[in-house]
Amino acid sequence: MSERSVSRAKQEKRWYTILAPEQFDRKELGETPADEPEKVYDRTIETTLGDLNNNASENNTKLTFKVTDVGSDSAYTEFVEHSLTRDYLRSLVRRGASKIEAYVTVLTTDDYRVQIQPVAFTTKKADASQEKAIREQMVQMIEEAAAERSFEELIDSVVEGRLSSAIYGEAKTIYPLRRVEIQKATLEAHPEEVAEEEATAVDVDEEDVATGDD
């Protein structure tokens, strides 16, 4: 390829401004180059809540977005994942205290499937039954939160810390807690994917029934 061809190829590349979803006020996340709009789809970008809100105290929260739509010079994204940095989580661990984790997969009112990972840190070492009770409390409250919230509302409650504060308020009555955090929240499936999985499962069940009648 001649130098002229190379330079022309470079010139044909266009820069797209990547924008956060509407629930994050369509804030600019960065820019990405592409010679065709189709190539921008599914690209992911990671930022911090601190960068979005211009608040350095929130830099321990990472947010990942994925491009789902492309305009003439803008790329629109959806939320994919919220997570806390390892350094921040490590700073919460204390010797002689308990770290209690859970993994909860829930369905929101608008049928998005989300996995949420809460973590609680006690002031001193809790016994096994107390740890179990705290874990069960965390799971129950997350399931209840998802049952009455849309995907956007659930993610807002995670990102803004309202869900972890609510869990802290209840779980600290079981055993004294120092902190509760949602260490990760991940979008696992969209409503259409969930519906497709359910339809497939029904088909399989019907086949089992038919086989059982033979």
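Asp111 has a relative accessibility of 37%, so it counts as partly exposed. The classes here are buried for under 20% relative accessible area, exposed for over 50%, and partly exposed in between, with a 1.4 Å probe and protein chains only. The areas themselves come from the Shrake-Rupley method with a 1.4 Å probe, and for residues only the protein chains shown count as cover.

Before going on, the basis. This is a predicted model, where local features need pLDDT of at least 70, side-chain atom pairs count only at pLDDT 80 or more, and totals for chains, interfaces and linings use all residues. Residues are numbered from 1 along each chain as its sequence is written, and side-chain values use heavy atoms, with hydrogens and water left out.

Back to Asp111. Where is Asp111 found? It sits in the loop between strand 7 (104–107) and strand 8 (113–122). Helices (H or I, at least four residues) and strands (E, at least two) are DSSP runs, numbered from the N terminus. The phi of Asp111 is positive, about 70°, although Asp111 is not a glycine. As background, most residues other than glycine have a negative phi.

Arg26 also has a positive phi, near 50°, and is a residue other than glycine. Arg26 belongs to the loop between strand 1 and strand 2. With a relative accessible area of 35%, Arg26 is partly exposed.

Asp111 is also one of the residues of a negative surface patch. Which residues form that patch? They are Glu22, Asp25, Asp110, Asp111, Glu152, Glu153 and Glu198. Patches are made of residues with over 30% relative accessible area and no salt bridge; like charges are joined within 9 Å, and nonpolar side chains (Val, Leu, Ile, Met, Phe, Trp, Tyr) within 5 Å. Lys and Arg count as positive, Asp and Glu as negative, while His and the chain ends are not counted. The place of a charge is taken as NZ of Lys, CZ of Arg, CG of Asp or CD of Glu.

Next, the aromatics. A pair of aromatic rings is described by the distance of the centres and the angle of the planes. Rings of Phe, Tyr and Trp (its six-membered ring) pair if their centres lie within 6.5 Å; planes under 30 degrees apart count as stacked, over 60 as edge-to-face and the rest as tilted. By this rule there are four aromatic pairs. One of them is Phe24 with Phe65: the ring centres are 5.3 Å apart and the planes are at 80°, so this pair is edge-to-face. The pair links distant parts of the chain, 41 residues apart, with Phe24 in the loop between strand 1 (14–19) and strand 2 (28–34) and Phe65 in strand 4 (residues 61–70). Phe24 is buried at a relative accessible area of 8%, and Phe65 is buried at 0%.

Phe65 also pairs with Phe79, again edge-to-face, at 6.5 Å centre to centre and 80° between the planes. Here too distant parts of the chain are linked: Phe65 is in strand 4 and Phe79 in strand 5 (residues 74–84), 14 residues apart. Both Phe65 and Phe79 are buried. Phe24, Phe65, Phe79, Tyr112 and Phe151 make up one aromatic cluster.

Phe151 brings us to helix 5. Why is helix 5 largely enclosed by the rest of the structure? Because seven of the nine residues of helix 5 (residues 151–159) are buried. The buried residues are Phe151, Leu154, Ile155, Asp156, Ser157, Val158 and Val159. Just after helix 5, Gly161 has a positive phi of about 85°.

Last, salt bridges. A salt bridge is a side-chain nitrogen of Lys or Arg within 4 Å of a carboxyl oxygen of Asp or Glu. The count by this rule is eight salt bridges. In one, Arg90 meets Asp87, with the closest N and O atoms 3.0 Å apart. Both lie in helix 3 (residues 86–92), three residues apart, about one turn of the helix. Arg90 is exposed at 54% relative accessible area, and Asp87 is exposed at 56%.

Glu131 and Lys125 form another salt bridge, 3.6 Å from N to O. Buried or exposed: which is Glu131? At 17% relative accessibility, Glu131 counts as buried, whereas Lys125, at 54%, counts as exposed.

Glu160 and Arg162 form a salt bridge at 2.9 Å, N to O. Glu160 is exposed at 52% relative accessibility, and Arg162 is partly exposed at 42%.
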